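Here is a short report on one protein model. Look at the sequence and the 3D view first, then read on.

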Amino acid sequence: MHITTRAIILKKIPYGENDLVVTFFGREEGRLSGMAKSARVSQRRFGGSLELGSIVDLRYVPRAASNMVRLEDAIISTPTVGVMLSLDRIKAMSRAIELALAFLPERQSAPEKFDLMEDYITFLSRQEPDVSSIIAFELKWLSLVGYGPSLERCMTCGGEAGTVWSFSMDHGGVICKKCVRPSARRMDLRDQALEGMRRLSSGDGALLNESDGRTIQGILAGYVQHLLGRPLPCRMISEGW
Ligand SMILES: [Zn+2]
């Protein structure tokens, strides 16, 4: 029995002389891995469709005795050629793929997360990402996987006013200046940056200045590292992809 699914290619590992083990994000299946037989030597069934980040219509056969499915063929829907036009786009897509690999459980249907990821990769294939759109995507992703940061008021005292805040990794949200403990794992941010983060988190647009954008990206990188217990790898870049 064949199953056809819309999928995003997340990872591929050479296997033997001819084959590839491919991890993909299926809209209905969630994260799955499959064997693509002869994909390294023949272009016939897969063509260039197994590039990381490609959005494809994938056909596969489930295998009862194995966690791994058998990939039959794939047709590209959105190629990554547009993403390859700049390092900023490649970096943004690479990070999105790593977030998917890190936070998606195996075999758990996640259409809403899929749609977010598909829209973001399609966006990156068409235009340069500005810092606001990168942050908006990450905040939305974290919220969908259950780790959306709490940004409305101090998580310790409930206070709402302040000019300087700290993002506490342990709390997963902001705390005010008077509640900060010196030992807390935290990163500071100004009121204006927090306001931008709130707007992006709620789906409103926000134009961040460069310094606030960098601060928020640093906070999100630190927060993700805290959640995973390790930094998010940047595989495509490090592999010269
Ligand atoms: Zn407080």
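## Helix H5

Asp212, Thr215, Ile216, Ile219, Leu220, Tyr223 and Val224 are the buried residues of H5. Seen down the helix axis, these buried residues fall within an arc of 165 degrees, so they line one face of H5. The arc is taken from the directions that run from the helix axis to the C-beta atoms. On the other side of H5, Glu210 and Ser211 are exposed. Buried means that 20 or more other C-beta atoms lie within 10 Å of a residue's own; exposed means 12 or fewer, and partly exposed is in between, with C-beta atoms placed from the backbone.

What covers the buried residues of H5? The cover includes helix H3 (131-144), strand E6 (164-168), strand E8 (186-190) and helix H4 (191-201). Helix H5 has 19 residues (210-228) and should span 27 Å at 1.5 Å a residue; its end C-alpha atoms are 27 Å apart, which agrees. The expected span is 1.5 Å times one less than the number of residues in the helix. Just after H5 comes Gly229, with a positive phi of about 75 degrees.

## About the model

This is a predicted model: local features need pLDDT of at least 70, side-chain atom pairs count only at pLDDT 80 or more, and totals for chains, interfaces and linings use all residues. Residues are numbered from 1 along each chain as its sequence is written.

## The whole chain

The protein chain has six helices and eight strands. Both are DSSP runs, numbered from the N terminus: helices are H or I with at least four residues, strands are E with at least two. From the N terminus on, the order is β-β-β-β-β-α-α-α-β-β-β-α-α-α.

The C-alpha trace spans about 60 × 40 × 30 Å along its principal axes. The chain has 241 residues, and 37% of them count as buried. Take the contacts between residues at least 6 apart in sequence: 55% of these join residues at least 24 apart. Two residues are in contact if their C-beta atoms, placed from the backbone, lie within 7 Å.

## Two domains

The domain assignment gives domain 1 (3-129) and domain 2 (130-241). Such bounds come from an automatic or database domain assignment. The domain centres, taken over C-alpha atoms, are 28 Å apart.

How many residues of domain 1 are in contact with domain 2? There are 17, and they meet 16 residues of domain 2. H1 and H2 each supply at least two residues of this side of domain 1. H1 gives the most, with 10 residues. By class, this side of domain 1 has 11 nonpolar, one polar and five charged residues. Ala, Val, Leu, Ile, Met, Phe, Trp, Tyr, Cys and Pro count as nonpolar; Asp, Glu, Lys and Arg count as charged; the others, Gly among them, count as polar.

## Helix H3

Buried residues of H3 include Val131, Ile134, Phe137 and Trp141. The buried residues of this helix pack against H1, H2, H4 and H5. H3 is followed by Gly146, whose phi is positive, near 95 degrees.

Ser38 is not a glycine, yet its phi is positive, about 60 degrees. Ser38 sits in the loop between strand E3 (30-36) and strand E4 (55-61). Arg107 is not a glycine either, and its positive phi is about 55 degrees. Arg107 lies in the loop between helix H1 (87-103) and helix H2 (111-126).
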